Amino acid sequence: MTKLPFNIPTLVGREIEYMTKAIENSHISGNGEFTALCQSFLEGQLGRGRALLTHSCTGALEMAAILAEIGPGDEVIMPSWTFSSTANAFVLRGAIPVFVDVRSDTLNIDETLIEAAITPRTKAICVVHYAGVGAEMPTIMAVAKRRGLKVIEDAAQGLFANRHGRPLGTVGEFSAFSFHESKNIIAGEGGALIVNDRATFPRAEIIWEKGTNRAQFKRAEVAKYSWVDLGSSFLPSEILAAFLYAQLEQGEAITRRRLRLWRYYFEGFAHLEAKGLVSRPVIPRDCEHNGHIFYLLLTKAERRDEVLRRLNERGINAIIHYVPLHSALAGVRFGRTAGPMPVTEDVAARLIRLPLHPQLTHEQEDHVVAEIERVLALAAA
Ligand SMILES: Cc1ncc(COP(=O)(O)O)c(C=O)c1O
């Protein structure tokens, strides 16, 4: 039986060579040659803002929360359909995540519900671009401007994707990307903060360097460096930056490959959608996504466990996604919902994610489609 793992972290060429070079450079802590190369690459790719490499998207979100001056009792509006880090970054500052339902098409925050969730304590909106499909940024930015709120983009899954003609992560004041091994562009663990509000960049650099002005010292702008502000250790080592640079260089090719595989699945499941057995992802017309996740929504939530069990027994590692934050233990403790969450709850109960990584083949995708058709028939029997 062929085993099809959900993900295989895939090297694309020069990772080992660059990591060896980082070691030979005798600079393996952070903020060296490869960190600078990755940051320049990201700035060029995104075309707006300044980049700081971090040890994770989680770290980048934590930096954004400090930079947005989120404090105790502040409220931050966000979807519940996301990872714990989106909320934790703000909870760590004493803020309250206020969960809003998602749209049933893109599974991104429902922009029409944001205004009603705003209270006098609301300080920011944190948007998530689920599966590399951009959220409704023009509407969200208009609400934020009208109500004086900051916007942070959790673009963990969004590199090499565009919406409304702009790369994801270039619209809000800050955005955060992930290079975790589960993402399209990987470094094992890794992330980046993008500071679109350039006036904030000097402070961002200080927070990044443990609250010191070490980056200024490195550029010979100050004679010595010392503790000047809040901060933490957010830098990745040069060894990881070197690995990441090799991936970024091949980012367009990795994205093209994933999109080819994503579209093949999409066509492959058309007949099951036509029979009303599954729904496929909805990609808005003005959206160039990056093939990050291929998911299906089963028609009946009560069949999902059985479908997943049977697929995994057949070697196909299909999995669920988030437990909605508003229903999770810590979400109940630290956050609140702005209203009912019918779409989030429905989607969370019916969604399955299928194996998708650069080593997957169309033959394997054909096998997944055939097995899902077989398993759905068994589950319906
Ligand atoms: C939406 C979202 N935000 C943040 C993260 C955290 O990323 P990292 O593992 O790089 O900290 C994830 C991870 O899967 C995510 O899906």
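A charge sits over a ring if NZ of Lys or CZ of Arg is within 6 Å of the ring centre and within 35 degrees of the ring normal. Keep that in mind for the first exercise, and remember that the model here is predicted.

**Exercise 1. Charges over rings**

Find what lies over the face of phenylalanine 201, and what sits over the ring of phenylalanine 266.

Solution. Start with phenylalanine 201: arginine 50 lies over its face, 4.0 Å from the ring centre. Next, go to phenylalanine 266, where the charged end of arginine 280 sits over the ring at 3.9 Å from the centre. Phenylalanine 266 also belongs to an aromatic cluster, together with Trp262, Tyr265, Phe269 and Phe294.

**Exercise 2. The rings around tryptophan 81**

Classify the pair of tryptophan 81 and tyrosine 130, then do likewise for tryptophan 81 and tyrosine 322.

Solution. A pair of aromatic rings is described by two values, the distance of the centres and the angle of the planes. Centres must lie within 6.5 Å, and planes over 60 degrees apart count as edge-to-face. The model has 14 aromatic pairs by this rule. For tryptophan 81 and tyrosine 130, the centres are 5.6 Å apart and the planes make 65°, an edge-to-face pair. Tryptophan 81 is in the loop between strand 2 (75–79) and helix 4 (84–91), while tyrosine 130 is in the loop between strand 4 (122–128) and helix 6 (137–147), so their pair ties together parts 49 residues apart in sequence.

Now take tyrosine 322: its ring centre is 5.2 Å from that of tryptophan 81 and the planes stand at 80°, so this pair is edge-to-face. Tyrosine 322 lies in the loop between helix 12 (304–313) and helix 13 (329–334), so its pair with tryptophan 81 ties together parts 241 residues apart in sequence.

Are these residues buried or exposed? Buried means under 20% relative accessible area. Tryptophan 81 is buried at 1%, tyrosine 130 is buried at 1%, and tyrosine 322 is buried at 10%.

Notes
Residues numbered from 1 in each chain as written. Predicted model: local features only at pLDDT ≥ 70, side-chain atom pairs only at ≥ 80, totals over all residues. Heavy atoms only, no water. Phe/Tyr/Trp six-rings, centres within 6.5 Å; stacked < 30°, edge-to-face > 60°. Helix = DSSP H or I, 4+ residues; strand = E, 2+ residues; numbered from the N terminus. Buried < 20%, exposed > 50% of the residue type's maximum accessible area, 1.4 Å probe, protein only.
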